[in-house]
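Dear colleague,

Please find below the structure that I am handing over to you. My notes on it follow directly after.

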Amino acid sequence: MRRWLWLAAIVLVAGCATATRLPPVTQVGTAGTTPPVTVTTASTTGVAPQPDERMEERIAMVESQIEMRGITDPAVLRAMRTVPRHRFVPDSDRDRAYGDHPLPIGYGQTISQPYIVAMMSEALGVGPGDRVLEVGTGSGYQAAVLAEMGCEVFTMEVIPELAARAETTLAEFGYDVTVANADGYFGWPEHAPFDGIIVTAAPDHVPQPLIEQLAPGAALVIPIGPVGAVQTMWRFTVADDGTIQGDNLGSVVFVPFVRSDG
Ligand SMILES: C[S@@+](CC[C@H](N)C(=O)[O-])C[C@H]1O[C@@H](n2cnc3c(N)ncnc32)[C@H](O)[C@@H]1O
């Protein structure tokens, strides 16, 4: 039963949408350089009390969609029960926020299916105090889950309106996450190395700068594959001797990874 549910989950869309035409954005550097960047930092408001609203829906979501599919990391499960997902989606979709599917967040983009967020968070293998880079901020929900797990989170979003809105939402709930409006292909060398890097849009190859910004033993969790088709979720880890190991985590469908130069 559990295996069947897991197989069903991996072919569900994680965040299916079409690419949108983008205004120019500031790139956050290339490896070895420190050019000026457009970086905004969420205000530090401490850990604001989390609202209990819709708590029962979160508990049900974790039990029926996430634990049933084999996610066991207590920190991930606790974070998914805590972060108010309905506050990261448009008001008109709040009643659908805890459903077993992605939802539109505007600009042709989506917030990923809850199970996919949990699976990627667990696959990263990070914990309190770890420094994590997310590429593909979207609504800010995945960043909030990682922050709730105790990670120091840096997140990059190529669409300026989404970056700004996510920054506001994260600050509203007291998550001290650093947000940049930038093409995440180059990572964020000023804050590297990272104890984990998570990419929530699908490029057709592994961005080499992200590999270079991993701390020893850290993981890069990333969907790779063609636009508009089924992709493969990979976890890459770099051993002390520099060899890279790739683990196939299953099939997914993600929005395209968009380059700021077109
Ligand atoms: C499936 S959505 C991410 C969902 C998000 N993690 C959340 O919790 O809501 C993918 C996001 O990646 C962004 N994106 C695509 N290519 C990017 C790039 N090169 N750099 C940064 N963000 C990118 C998209 O604009 C979109 O907002």
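In which loop is P193 found? P193 is found in the loop between β6 and β7 (194-199), where helices (H or I, at least four residues) and strands (E, at least two) are DSSP runs, numbered from the N terminus. The peptide bond from A192 to P193 is cis, and its omega is near 5 degrees.

Two remarks on conventions come next. Residues are numbered from 1 along each chain as its sequence is written. The model is predicted: local features need pLDDT of at least 70, side-chain atom pairs count only at pLDDT 80 or more, and totals for chains, interfaces and linings use all residues.

Confidence and overall content

The average pLDDT of the protein (the predictor's confidence in each residue, from 0 to 100) is 84, and 80% of the residues score at least 70. Over residues 1-49 the pLDDT is below 50, and this stretch has 108 contacts in the model beyond near neighbours in sequence; two residues are in contact if their C-beta atoms, placed from the backbone, lie within 7 Å. Where pLDDT is low, the predicted coordinates should not be read in detail. The protein has 7 helices and 10 strands. Of its 262 residues, 46% are buried. A residue is buried if 20 or more other C-beta atoms lie within 10 Å of its own, exposed if 12 or fewer, and partly exposed in between, with C-beta atoms placed from the backbone. Among contacts between residues at least 6 apart in sequence, 64% join residues at least 24 apart.

Strands β5 (residues 152-157) and β6 (residues 178-181) run parallel and are joined by 4 bridges; strands pair if DSSP finds at least two bridges between them. Within this pair, T155 stands opposite V179 in β6. Helix α6 has 13 residues and reaches 18 Å from its first C-alpha to its last, close to the 18 Å expected at 1.5 Å a residue, the expected span being 1.5 Å times one less than the number of residues. Its buried residues are L162, A163, R165, A166, E167, T169 and L170. Just after α6, G174 takes a positive phi of about 80 degrees.

Helix α5 (residues 141-148) is largely enclosed by the rest of the structure, because 8 of its 8 residues are buried. Just after α5, G150 has a positive phi of about 95 degrees. Leaving aside residues up to four places away in sequence, V145 touches A79, M80, V83, V117 and S121.

R54, in the loop between β1 (39-41) and α2 (55-66), has a positive phi of about 65 degrees although it is not a glycine. R54 counts as partly exposed, with 18 C-beta neighbours inside 10 Å. Y107, in the loop between β2 (103-106) and β3 (109-111), has a positive phi near 60 degrees. Y107 is partly exposed, with 18 other C-beta atoms within 10 Å.

With kind regards
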